Amino acid sequence: MAAGGGRYFCTAGRGLEPFLAREVRARLGATEVDCVSGKVFFSTEAEPGELRRLRAGERLFLLLKKHPPLVVSRNKGKMLHELKSLVVEEPKYWLDVISIWRNLHGCEGKKDDVSQENQSPLKRKSEEETTIATKRQETEQARETVSEECQAEAGERCVVPERASDQDCRTESKTFLEDPSRSSGEKPIVNEQLSFSFRVSCRCSGAIAKILTSQEIGRAVGIALMKQFGWQADLRDPDLEIFVHLNDIHSVVGIPLFRLPLANREYIKTAGLRSTVAWAMASLAEISAGVFVLDPMCGLGTILLEAAKEWPEACYWGADISDSQLEGADVNIRAAGLMDKIELLKASVKALPLPSESFDAVISDIPFGKKFKITKDIQLLPDILQEMERYVWPLTCFDMLGVWCKCHDGLQS
């Protein structure tokens, strides 16, 4: 088995699970693919570099446990005991998964950010000072991810904190843990080769959240791990993070494979549309080599960036009437090194200065909806679609967020 061989799960925004399932099969040759709301489980022998290339997923984890939901009762002690049993059963399997994590950690190299590596305090302080702007952006993206994942879990209660950690894209609890050996006569099972500092991040929703808090669950899991393996708790700079998600669908325990979410693209300097959504939209257009693709309301250019990165043999054009949006798109395109792939022009979508039948595909996030409260302009949508019909080839596919239509003897909504 390759160093990356193992069982994984990846979180996904609402509605993106089918895209992610298709992607892991096509890109990673994944087997045993299982979709649930907000997550896709799969097995693969792919290496870290291949795993990192996933575009439809939010965050990738090595799977430690996947069980049916805990039986909810009014007895907190009983539920916490069952939770501890879930965590500490099959200790050999835990150590096997940790070994896979270590192999992946070694394959990626010290310079990369597989999970979290120990750094000296001075180095960490310097990096924190020089990357504060990036962290703020990551935090905003993390809060968007939490919102998407919460929406994906119908009927669940998920509370988003006012300020999320820049290293985590979910609601979580990082629980203070005391060394159980100080208050218990039990001697931990210590494996010298697999000794880590760790922290537990817990997300709890659904019926169980009405009985137990994330802090209580995180503390119980952390103490159980300390007793079982002799690991030391470190909430600030751990070697290893244990992710626990309990809801009405399942009980899942995993290890984040990468420190930052997959959705945080290094080439997007100014975030607009969620990168995972942009990639999914571009995938629907079935882009091939030599085609001309247009986004007539490109904004910050996220759709064009995702498409050009994935299908670089096509030609891309973006238009927008806003100077600030075009400036942001230009910054993103230059940061991504795609100046020779994407052309920008300032123009209104109602009257683009483009020749008729000059494009093969149109992809656009139309700015009408919850985020953009536009009422009168929505009446312009039929005219916009008719204008789009003018500058595309017959039988061209239109791929628009909120609208799906196909051009064939007129537009159909």
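1. Taking contacts in the chain between residues at least 6 apart in sequence, 76% join residues at least 24 apart. Please keep in mind throughout that this is a predicted model. The chain has 413 residues, and 51% of them count as buried. Its secondary structure consists of twelve helices and 14 strands. The chain exposes about 19,500 Å², with carbon and sulfur atoms supplying 52% of that area.

2. Eight strands form an open sheet with mixed pairing, in the order β2-β3-β1-β4-β8-β7-β5-β6. At its edges stand β2 (31-36) and β6 (232-233); each has a single partner strand, so one side of each is left without a neighbour in the sheet.

3. Next, look at strand β4 and its two partners. Strand β1 (residues 6-11) pairs with β4 in the antiparallel sense, over three bridges, and here phenylalanine 9 stands opposite phenylalanine 61 of β4. Strand β8 (residues 251-256) also runs antiparallel to β4, and six bridges join the two. Within β8, glycine 254 is the bridge partner of leucine 63. Is β4 itself enclosed or left open? Strand β4 covers residues 60-67, and six of its eight residues are buried, so the rest of the structure largely encloses this strand.

4. Moving along the sheet, strand β7 (residues 240-246) is joined to β8 by four bridges, and the two run antiparallel. In this pairing valine 244 stands opposite valine 253 of β8. Helix α1 (residues 17-28) touches β1, β2 and β3 (39-44), and its direction makes about 10 degrees with that of β3. Helix α8 (residues 214-229) touches β5 (197-204), β6 and β7, and its direction makes about 145 degrees with that of β5.

5. Now for the nonpolar interior. In soluble globular proteins, nonpolar side chains tend to be buried together. In this model the largest nonpolar core has 83 residues, and Phe42, Leu60, Leu225 and Ile242 are those with the most contacts inside it. Helix α4 (residues 91-108) gives the largest share of this core, seven residues. Apart from this core lies another one, of 17 residues, including Leu345, Val349, Leu352 and Leu385.

6. Which residues does isoleucine 242 contact, leaving aside its neighbours within four places in sequence? The list is Leu64, Trp94, Phe198, Arg199, Val200, Ser201, Leu225, Val253, Gly254 and Ile255.

7. On to the charged pairs: a search of the whole structure finds twelve salt bridges. One of them joins arginine 27 and glutamate 310, with the closest N and O atoms 2.9 Å apart. Arginine 27 belongs to helix α1 and glutamate 310 to helix α10 (residues 302-310), so this pair ties together parts that are 283 residues apart in sequence. Arginine 27 counts as buried at 18% relative accessibility, while glutamate 310, at 24%, counts as partly exposed.

8. A second pair to inspect is glutamate 58 with arginine 274, whose side chains meet in a salt bridge (2.6 Å, N to O). Glutamate 58 sits in the loop between α2 (48-52) and β4, and arginine 274 in the loop between β8 and α9 (275-284); the pair links distant parts of the chain, 216 residues apart.

9. Finally, glutamate 216 forms a salt bridge with lysine 76, where the closest N and O atoms are 3.1 Å apart. Glutamate 216 lies in helix α8 and lysine 76 in helix α3 (residues 76-88), so the pair ties together parts that are 140 residues apart in sequence. Here glutamate 216 is partly exposed, with a relative accessible area of 27%, and lysine 76 is partly exposed, at 37%.

How values were computed
Residues are numbered from 1 along each chain as its sequence is written. This is a predicted model: local features need pLDDT of at least 70, side-chain atom pairs count only at pLDDT 80 or more; totals for chains, interfaces and linings use all residues. Side-chain values use heavy atoms; hydrogens and water are left out. A nonpolar core is a set of buried Ala, Val, Leu, Ile, Met, Phe, Trp, Tyr and Cys residues joined through side-chain atoms within 4.5 Å. Buried means under 20% relative accessible area, exposed over 50%, partly exposed in between (1.4 Å probe, protein chains only). Contact means heavy atoms within 4.5 Å. Accessible areas come from the Shrake-Rupley method with a 1.4 Å probe; for residues, only the protein chains shown count as cover. Two strands pair if DSSP finds at least two bridges between them. Axes are lines fitted to C-alpha atoms, for helices over the stretch in contact, and angles run from 0 to 180 degrees between N-to-C directions. A salt bridge is a side-chain nitrogen of Lys or Arg within 4 Å of a carboxyl oxygen of Asp or Glu.
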